[in-house]
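Here are some friendly notes to read beside the model. Take them one at a time, and find each residue in the viewer as you go.

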Amino acid sequence: MYRILRNTHLILGMAALFFVLTYAVSAVQMAHQFRLTPEIREMDLSFAPGMEARALVARLMDERGFAGELGNIQSNPAGFPFAITRPGANYNVIYERATGRTHVREAAAGFMGVLNRLHHLNGLGHASAGMNVWGW
C-alpha cells in the first residue's frame with residue numbers, strides 16, 4: 001500500500017509542477033510590476049451593412065481566427081462595440097450598421113501577458129476548454 005501511495009503522490013506532484021511554476025512566475029511578474037507593453041495592431045474590415053452582432057462575431061471567429069470569450073455587446077442604432085478576450089490578447093471591435101465598416105484593435109501581450117491573464121482566470125464557465133482545464 002505504501003508503494004502505491006508513494007507512486008501516486010509522485011505522479012500527481014510531477015503533473016502539478018508545471019501549473020504551480022506557471023502560477024508562481026505570473027505572481028512574481030505582478031508583485032514586482034514588470035511592465036507588459038502590448039503590441040497594438042489596428043485594422044479596418046468591411047462586412048455587409050446591417051449585420052446582427054452574433055453573425056459578425058461568428059464571421060470574425062471563423063474567417064479571421066479571432067478566439068476567446070465574447071464580452072458584452074452594447075447595441076445602439078449606429079452599431080455596436082464589443083470585445084473578444086483570451087489570455088494574451090484582446091480584440092476591441094466597433095461595427096457601424098450603416099456602412100458595414102468594422103474597426104478592430106488588437107492588443108497582444110505575449111507570453112508574460114498570457115501568464116498574467118491565467119493568474120487571474122477563475123471559474124469553469126469559459127468558452128474555451130483549455131481555460132476550463134486551467135480553472136481546474
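1. Let's begin with the lining of the largest pocket, which by class has 5 nonpolar, 4 polar and 2 charged residues. Please keep in mind throughout that this is a predicted model. The space in this pocket comes to about 160 Å³.

2. Which residues line the largest pocket? They are L36, P38, R86, G88, A89, N90, A107, A109, G113, N116 and R117. Two elements, β4 (89-96) and α3 (110-120), each give two or more residues to this lining. Of the elements, α3 gives the most, with 3 residues.

3. Next come the charged pairs. How many salt bridges does the structure hold? There are 6.

4. Start with E106 and R41, whose side chains meet in a salt bridge at 2.8 Å, N to O. E106 sits in strand β5 (residues 101-108) while R41 sits in strand β1 (residues 39-46), so this pair ties together parts that are 65 residues apart in sequence. Is E106 buried or exposed? With a relative accessible area of 8%, E106 is buried, because buried means under 20%.

5. R41 has another partner to look at: E39 forms a salt bridge with R41, and their closest N and O atoms are 3.8 Å apart. That distance still counts because the cut-off for a salt bridge is within 4 Å. E39 is partly exposed, with a relative accessible area of 47%. Put together, E39, R41 and E106 are linked in a network of salt bridges.

6. Now move to helix α2 (residues 53-64), where E63 and R59 are 4 residues apart and therefore separated by about one helical turn. These two form a salt bridge, with 3.1 Å between the closest N and O atoms. How accessible are the partners? E63 is exposed, with a relative accessible area of 52%, whereas R59 is partly exposed at 32%.

7. Which residues make it? L10, M14, L17 and L21 make this patch of about 410 Å². One of these residues, M14, lies in helix α1 (residues 2-31). At 55% relative accessibility, M14 counts as exposed.

8. Finally, have a look at L124, found in the loop between α3 and α4 (129-135). L124 is partly exposed, with a relative accessible area of 42%. As a distance exercise, compare L124 with L12: the two are 112 residues apart along the chain, and their C-alpha atoms are separated by 21 Å.

Terms used. Residues are numbered from 1 along each chain as its sequence is written. This is a predicted model: local features need pLDDT of at least 70, side-chain atom pairs count only at pLDDT 80 or more; totals for chains, interfaces and linings use all residues. Side-chain values use heavy atoms; hydrogens and water are left out. Buried means under 20% relative accessible area, exposed over 50%, partly exposed in between (1.4 Å probe, protein chains only). On a 1 Å grid over the protein atoms alone, a cavity is a set of points where a 1.4 Å probe fits but cannot get out, and a pocket is an open set with protein on both sides within 12 Å along at least five of seven lines; lining residues have an atom within 4 Å of a point. Grid points are joined across faces, edges and corners, and a volume is the space filled by probe spheres set on the points. Ala, Val, Leu, Ile, Met, Phe, Trp, Tyr, Cys and Pro count as nonpolar, Asp, Glu, Lys and Arg as charged, and the others, Gly among them, as polar. Patches are made of residues with over 30% relative accessible area and no salt bridge: like charges are joined within 9 Å, nonpolar side chains (Val, Leu, Ile, Met, Phe, Trp, Tyr) within 5 Å. Accessible areas come from the Shrake-Rupley method with a 1.4 Å probe; for residues, only the protein chains shown count as cover.
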